[in-house]
Amino acid sequence: MFDRINALPTEPLRALKWWVAVSLVGVYCLSPAQATAKENPRHMLAKMVNTTDYKCLASIIKAESSWNTQSISPTHDYGLPQRHMPYHTQKQIKAWLADTHKQLTWMIAYTKARYGSPCQAAQARDLKGWY
């Protein structure tokens, strides 16, 4: 970086353009909009699991939240997987709802830990109406 300081443009207009460009890149990279930009949850999930698990998880998500990352039930269930969160703070719930990747990661781990696989979780949901 310091090597480049000596190479900065010396003409005022050229220098101004250079600093504006550098500033815009910095603003873009650090802006909250960029940090919170959400990828389509379906595409995100497809990148995280194999095709079979995707189909099973997608069937649960469709039934639980209709792919609404902000879904909230009257029984304190939140997000795509409708995670039960009755004792979490509003700050924790807000952070959960804002993080699609966290919702999907949690759902994948939960279905594997509790049911052995996403497809076994989907079968349990089909039988019981919940998972």
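This is a predicted model: local features need pLDDT of at least 70, side-chain atom pairs count only at pLDDT 80 or more; totals for chains, interfaces and linings use all residues.
**Entry 1: the overall fold**

I started with the secondary structure, and the chain comes to 8 helices and 2 strands. I took helices (H or I, at least four residues) and strands (E, at least two) as DSSP runs, numbered from the N terminus. Reading from the N terminus, I get the order α-α-α-α-α-β-β-α-α-α. Residues are numbered from 1 along each chain as its sequence is written, and side-chain values use heavy atoms, with hydrogens and water left out.

Next I looked up burial. Of the chain's 131 residues, 32% count as buried. Here buried means under 20% relative accessible area, exposed means over 50%, and partly exposed is in between (1.4 Å probe, protein chains only). I also checked the contacts, meaning heavy atoms within 4.5 Å. Among those between residues at least 6 apart in sequence, 43% join residues at least 24 apart.

**Entry 2: α5 against α8**

I then turned to how α5 packs on α8. Their axes are 8 Å apart and the angle is about 35 degrees. The axes are lines fitted to C-alpha atoms, for helices over the stretch in contact, and angles run from 0 to 180 degrees between N-to-C directions. α5 passes α8 in a left-handed crossing. For handedness, left-handed has the near helix turned anticlockwise from the far one by less than a right angle, and right-handed has it clockwise.

Which residues make this contact? From α5 I noted Thr52, Asp53, Cys56, Leu57, Ser59, Ile60, Ala63 and Glu64, and from α8 Pro118, Cys119, Ala121, Ala122 and Arg125. By class, the residues of this contact divide into 8 nonpolar, 2 polar and 3 charged. The classes go like this: Ala, Val, Leu, Ile, Met, Phe, Trp, Tyr, Cys and Pro are nonpolar, Asp, Glu, Lys and Arg are charged, and the others, Gly among them, are polar.

**Entry 3: salt bridges**

How many salt bridges does the structure hold? I find 2, counting a side-chain nitrogen of Lys or Arg within 4 Å of a carboxyl oxygen of Asp or Glu. As a reminder, side chains of opposite charge can pair when their charged atoms come close.

Glu64 bridges to Arg125, with the closest N and O atoms 2.6 Å apart. Glu64 sits in helix α5 (residues 51-65) and Arg125 in helix α8 (residues 118-128), so this pair ties together parts that are 61 residues apart in sequence. Glu64 is partly exposed at 22% relative accessibility, whereas Arg125 is buried at 15%.

The other bridge I looked at joins Lys47 and Glu39, whose closest N and O atoms are 2.9 Å apart. Lys47 is exposed at 65%, and Glu39 is partly exposed at 32%.

**Entry 4: α4 against α5**

Helix α4 (residues 41-48) also meets α5: their axes come within 10 Å and cross at roughly 145 degrees. This crossing of α4 past α5 is right-handed. Arg42, Leu45 and Ala46 of α4 touch Tyr54, Leu57, Ala58 and Ile61 of α5. I count 6 nonpolar, no polar and 1 charged residues in the contact.

**Entry 5: aromatic pairs**

My search of the whole structure gave 4 aromatic pairs. Rings of Phe, Tyr and Trp (its six-membered ring) pair if their centres lie within 6.5 Å, with planes under 30 degrees apart counted as stacked, over 60 as edge-to-face and the rest as tilted. One of them is Trp96 with Trp106, edge-to-face at 5.8 Å centre to centre and 90 degrees between the planes. Trp96 is in helix α6 (residues 90-98) and Trp106 in helix α7 (residues 100-115), 10 residues apart. Trp96 is buried at 2%, while Trp106 is partly exposed at 23%.

For Tyr110 and Tyr131, the ring centres are 5.7 Å apart and the planes at 75 degrees, so this pair is edge-to-face too. Tyr110 is in helix α7 and Tyr131 in the segment after α8, so the pair ties together parts 21 residues apart in sequence. Tyr131 is buried at 10%. Trp96, Trp106, Tyr110, Tyr115 and Tyr131 form one aromatic cluster.

**Entry 6: backbone check**

Last, I looked at phi. Ser66, not a glycine, has a positive phi near 55 degrees, and it lies in the loop between α5 and β1 (77-78). His76 is not a glycine either and has a positive phi of about 65 degrees; His76 is in the loop between α5 and β1. Ser66 is partly exposed at 47%, and His76 is partly exposed at 37%.
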